[in-house]
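Dear colleague,

I am passing on the structure we spoke about, and below it you will find my notes on what turned up when I went through it. Please read them alongside the sequence and the model.

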Amino acid sequence: MRFAMANEYVDLQTLKFLLYNVHDLQSVLDQPRYADYDQESVMLFLNAAKDFSDKELFPFFREMDARPAHFKDGEIIVHPQVLNYMKKGGEMGLIAALFDYAVGGLQMPNIVVHAAAYIQETANNHLPGYIGLTLGAAELIVHFADKELSDTFLPKMLTGDWGGTMCLTEPQAGSSLSDIVTAATPDGDSYKISGQKIFISAGDYQGVQNVVHLVLARIKGAPAGTKGISLFVVPKNRPSSNGGLEPNDVNTLGDFEKMGQKGYCTTHLSFGDKDDCRGWLVGEANQGLKYMFMMMNGARIGVGRGAAAITMAAYQASLAYAKERPQGRSLTRMGKKDVTQEQTLIINHPDVKRMLLFQKVVAEGALSLVLLSARYQDLSITHPDPAEREKYQLLLEMLTPIAKTYPSEMGAASVSNGLQVLGGYGFCTDFVLQQYHRDIRIFPIYEGTTGIQSLDLLGRKVTMDNGKALQLLSAEILGTIKEASGHEALVPYSKKLGTKLGLAQEVLQFLLEFAKKGDYERFLSDATVFMEFFGNIVVGWLWLDMATKAQNALVSDDQHHTPDFYAGKVQAMKFYFKYELPKTGALAEVLMDKEVLTVATDTKIFA
């Protein structure tokens, strides 16, 4: 029996509910910077993104997997839709949306831009990275480069005529950026660049007129380590004296053939093989890593968004299958089946409902986390009160590693459950779940692995400003607990979340004792376990918030969504609190166990 690929890949009603009911988009639109936008104009933009995705992304999703990007005769060959997407996306303003009017942008809020990108990523997660990297590179140029560099490179990047990338990783230096050796030698008003970069997403592809690389390199005589890293604009083709473009000695050595996201090329680049690669310094020398982290922090939220999108698309596909696949019969008394009955749809089986609800709570919880991070980002920039801007910046810092990690790690588990819903069909290439399963697996690795994000959360964010960011986040959670407690039906769940917040404080008190003693290796040895523990509690908070807003709507007879829609959010919260939140107890037991097995253990045990 054959089943069609689900035509609906995104839940726009939930996206709208999160934007307007849960995360108060209006409070962002009220900022002077966004005075030209209202809720109606935002929905017009998001509906346009959905229509664009229906026509230009979703129809090519499976085809791009079957016809992957590949290296041939010195070039990366990509699906023809890549160039079409860049051009049409540029014309729609999808690249320019975030930027100021002064540089040709649309001056839209981050939360709206993330929502539009999310829609596209649910339709086809292989394409949006080409625009996303271009947007990120353009941001660095706008914020830190001089006017001449901005005028030279920005206009064609915002229109999608030129692509953009960030080039950090080298063959001998992955996450350890202090070990990069790409060199920059002063040469007049520019620098000669030499070295290699690997795993460069959207690094080069056949047909694009130019790719503008933002390259981390070390100027001769610079300090060792991360303090000696500078940032350079290094285009594939540089401006020539006659007003055109000429080759800039940036060479493509190959494309990494990946398990998933096969339509999104990942290149190996070499700079200066003929000693004729020129780069232009961005901002001040030796400040490159500081500049790049601005882009990387935004990119980390973008990674979480992409994972949340795949999780949602996989949920929609497995839900559609479960609604039309007959298999087995309902159990009657004493656990027996009545074989005279007609087969029932698998969505009626309790275990299938459990897997679908798991997918739902992860998909929607991950999206809520991403949108909240984007809201904090907007208010940290635009709020008129400096104290409020600082508050939102600290909240953003606290959430960023979680916003990257929870959707990536739990999204992979969710998609795996979606594959299980299909049974044997889920493992077959006739059905899309196996592609989502392969595509999402890279997300825990992108832009800093789960281990790195976990070290950042526990080692930096929890302790920053003497714990101020953590205190602010705790206050936000307590605010939701108080609001939820106003509904009698939600009081038990408010109490459960309060208990878990207390457990988090207990865990941190235990771990911070090691930091106070200077035993940082022990303090951080289980950082990834802490990430899972704390991320679970944070998403529990977000689900209680969603349920509270849904309960408010039911009580007030809000007509923006149906009563079944709101009741579904409350039910999903209850599922999360029964099946997911209790897992924090076992994780806390691990975190507070005094036995240490990964620090001083002799590596001979692996022999």
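In these notes a residue is called buried when its relative accessible area is under 20%, exposed when that area is over 50%, and partly exposed in between. By that rule Tyr-579, at 36% relative accessibility, counts as partly exposed, whereas Phe-575 counts as buried because its relative accessibility is 8%. These two residues both lie in helix H18 (residues 563-579), where they are four residues apart, about one turn of the helix.

Please keep in mind that this is a predicted model. The mean pLDDT of the protein chain is 94, and 97% of the residues reach 70 or more. Over residues 1-5, however, the pLDDT is below 50, although this stretch has 14 contacts in the model beyond near neighbours in sequence. Where pLDDT is low, the predicted coordinates should not be read in detail.

Aromatic rings

The structure holds 22 aromatic pairs. In one of them, the rings of Tyr-130 and Tyr-264 have their centres 5.3 Å apart and their planes at 70°, so this pair is edge-to-face. Because Tyr-130 lies in helix H7 (residues 128-144) and Tyr-264 in the loop between E10 and E11, the pair ties together parts that are 134 residues apart in sequence. Both Tyr-130 and Tyr-264 are buried.

Strand E11 and its partners

Strand E11 (residues 266-271) is largely enclosed by the rest of the structure, because six of its six residues are buried. Thr-266, His-268 and Ser-270 point one way from the strand, while Thr-267, Leu-269 and Phe-271 point the other way, and all are buried. Strand E5 (residues 190-201) pairs with E11 in the antiparallel sense over five bridges, and within E11 the bridge partner of Gln-196 is Ser-270. Strand E10 (residues 250-255) also runs antiparallel to E11 and is joined to it by five bridges, with Asp-255 standing opposite Thr-267.

Nonpolar cores

The largest nonpolar core has 189 residues, of which Leu-214, Met-292, Phe-530, Phe-533 and Phe-534 touch the most other members. Helix H9 (residues 288-322) gives the most to this core, with 20 residues. Leaving aside residues up to four places away in sequence, Met-292 touches Leu-140, Met-166, Cys-167, Leu-168, Leu-214, Leu-216 and Leu-231. A second, separate core of 14 residues includes Ile-193, Ala-217, Val-250 and Leu-269.

Cysteines and one histidine

What keeps Cys-167 from forming a bond with the closest cysteine sulfur? The sulfur of Cys-167 is 10 Å from that of Cys-277, the closest one, and this is too far for a bond. The structure as a whole holds zero disulfides. Cys-167 counts as buried, at 0% relative accessibility, whereas Cys-428 is partly exposed, with a relative accessible area of 33%.

Lastly, His-79 lies in the loop between strand E2 (75-77) and helix H5 (81-92), and with a relative accessible area of 6% this histidine is buried. Not counting residues up to four places away in sequence, His-79 touches Phe-60, Glu-63, Met-64 and Arg-67.

With best wishes

How values were computed
Residues are numbered from 1 along each chain as its sequence is written. This is a predicted model: local features need pLDDT of at least 70, side-chain atom pairs count only at pLDDT 80 or more; totals for chains, interfaces and linings use all residues. Side-chain values use heavy atoms; hydrogens and water are left out. Buried means under 20% relative accessible area, exposed over 50%, partly exposed in between (1.4 Å probe, protein chains only). Contact means heavy atoms within 4.5 Å. pLDDT is the predictor's confidence in each residue, from 0 to 100. A nonpolar core is a set of buried Ala, Val, Leu, Ile, Met, Phe, Trp, Tyr and Cys residues joined through side-chain atoms within 4.5 Å. A disulfide is a pair of cysteine sulfur atoms within 2.5 Å. Two strands pair if DSSP finds at least two bridges between them. Rings of Phe, Tyr and Trp (its six-membered ring) pair if their centres lie within 6.5 Å; planes under 30 degrees apart count as stacked, over 60 as edge-to-face and the rest as tilted.
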